[in-house]
Amino acid sequence: SQVEADKQVKLGLIYVDDSACYRAYQNYETTISRLQDLAASFGGWMQVRKGNDGYLYFDWYDTERTGVDQAIDFGENLLDIRQEETADGVITRLIPLGAANSENVRVNIKTVNDGLDYIEASQEYINKYGYVTGVKIWDDVNYPSILLTKATSWLAASLMPKKTINLTAVDLADAGQDAESFRVGQLIKVRSAPHGIDGEWFGCTEQTLDLLNPANNKLSLGTQKVGYVKAA
């Protein structure tokens, strides 16, 4: 009610399990920082889309993203590609913490992890990256066994190299062909033999549209840090 109608965002499609997604914010935090906190705690991906009625809607999906039926193929609609791979954010020793009690002491995994409050990656990863210690908090977890399970899965995911590809591709839907348009948040299959990509699926994390010349449209695909996706 404090902004114009074209700036208001309505609740859209929510496919994340909200059984434990309760947060009480009383410190006047910014909306985007709270959304990022929820994404970090519960996963999934978020987007703001314009509905057919002209209003903006906020969607929050789980990790089961749908794939676009249009692929990006070398020699067909792929114009340019650049690949990047980084180990940023890799942690080899993780200290997981759960919910805090009335004395502000958080749940830990000592009772279910031989007295240790941390877990480690395999020796292979420790040899490769060294001991990189990090802390991850799950405010909604109250049991050490559940905390250990979540921490083990999270640590395994953090060890995967982050591959991102930035490319320029022709959206065949814009060219008048019967194909589904590319959209931020969905999965897109990429095939480019010269670049060693053989039908890999990448999530579309950013899209830049040139309305006057669709051939200049650019996409960013791949795995990025938890946060939010945008369409520019």
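Which residue in β3 is the bridge partner of K10? In this predicted model, the partner is Y57, and the legends below begin with the sheet that holds this pair.

**Figure 1. The open sheet of three strands, arranged in the order β1-β3-β2.** The pairing within this sheet is mixed, and its edge strands are β1, residues 9-14, and β2, residues 45-50, each of which pairs on one side only. Direction ignored, neighbouring strands of the sheet are turned by 25 degrees against each other on average. Strand β3, which covers residues 56-61, runs parallel to β1 and is joined to β1 by four bridges. In general terms, the strands of a sheet pair through backbone hydrogen bonds, and they may do so in a parallel or an antiparallel manner.

Figure 2. The side chain of D59 is joined to the side chain of R49 by a polar contact of 2.4 Å. When residues up to four places away in sequence are not counted, D59 touches G12, L13, W45, M46, Q47 and R49.

**Figure 3. Two places where a charged end sits over an aromatic ring, K10 with Y55 and R93 with Y118.** The charged end of K10, the residue whose bridge partner in β3 is Y57, lies over the ring of Y55 at 3.8 Å from the ring centre. For R93, the charged end is placed over the ring of Y118, at 4.4 Å from the centre of that ring.

**Figure 4. The stacked aromatic pair formed by Y125 and Y129.** A pair of aromatic rings is described by the distance of the centres and the angle of the planes. The count of aromatic pairs comes to two, and in the pair shown here the rings of Y125 and Y129 are 6.4 Å apart, centre to centre, with 5 degrees between their planes. Both residues belong to helix α2, which spans residues 123-129, and because they are four residues apart they are separated by about one helical turn. Y125 counts as partly exposed at 27% relative accessibility, and Y129 also counts as partly exposed, at 24%.

**Figure 5. The edge-to-face aromatic pair formed by W138 and W154.** The ring centres of W138 and W154 are separated by 6.5 Å, and the angle between the planes is 90 degrees. W138 lies in the loop between β8 (133-137) and α3 (144-158), whereas W154 lies in helix α3 itself, so the pair ties together parts that are 16 residues apart in sequence. W138 is buried, with a relative accessible area of 5%, while W154, with a relative accessible area of 29%, is partly exposed.

**Figure 6. Strand β11 and its antiparallel partners, β10 and β12.** Strand β10, residues 187-192, is joined by six bridges to strand β11, residues 197-208, and K189 stands opposite W201 in β11. These two strands form a hairpin with four residues between them, and G196 in the turn has a positive phi of about 70 degrees. Four bridges join β11 to strand β12, residues 218-222, where K218 stands opposite T208.

**Figure 7. The protein chain as a whole, with three helices and 13 strands.** Of the 232 residues in the chain, 31% are buried. Among the contacts with a separation of 6 or more, 65% are between residues 24 or more positions apart.

Terms used. Residues are numbered from 1 along each chain as its sequence is written. This is a predicted model: local features need pLDDT of at least 70, side-chain atom pairs count only at pLDDT 80 or more; totals for chains, interfaces and linings use all residues. Side-chain values use heavy atoms; hydrogens and water are left out. Two strands pair if DSSP finds at least two bridges between them. Axes are lines fitted to C-alpha atoms, for helices over the stretch in contact, and angles run from 0 to 180 degrees between N-to-C directions. Rings of Phe, Tyr and Trp (its six-membered ring) pair if their centres lie within 6.5 Å; planes under 30 degrees apart count as stacked, over 60 as edge-to-face and the rest as tilted. Buried means under 20% relative accessible area, exposed over 50%, partly exposed in between (1.4 Å probe, protein chains only). A charge sits over a ring if NZ of Lys or CZ of Arg is within 6 Å of the ring centre and within 35 degrees of the ring normal. A polar contact is a pair of N or O atoms within 3.5 Å; within protein, one must be able to donate a hydrogen and the other to accept it, and residues adjacent in sequence count only if both atoms are side-chain atoms. Contact means heavy atoms within 4.5 Å.
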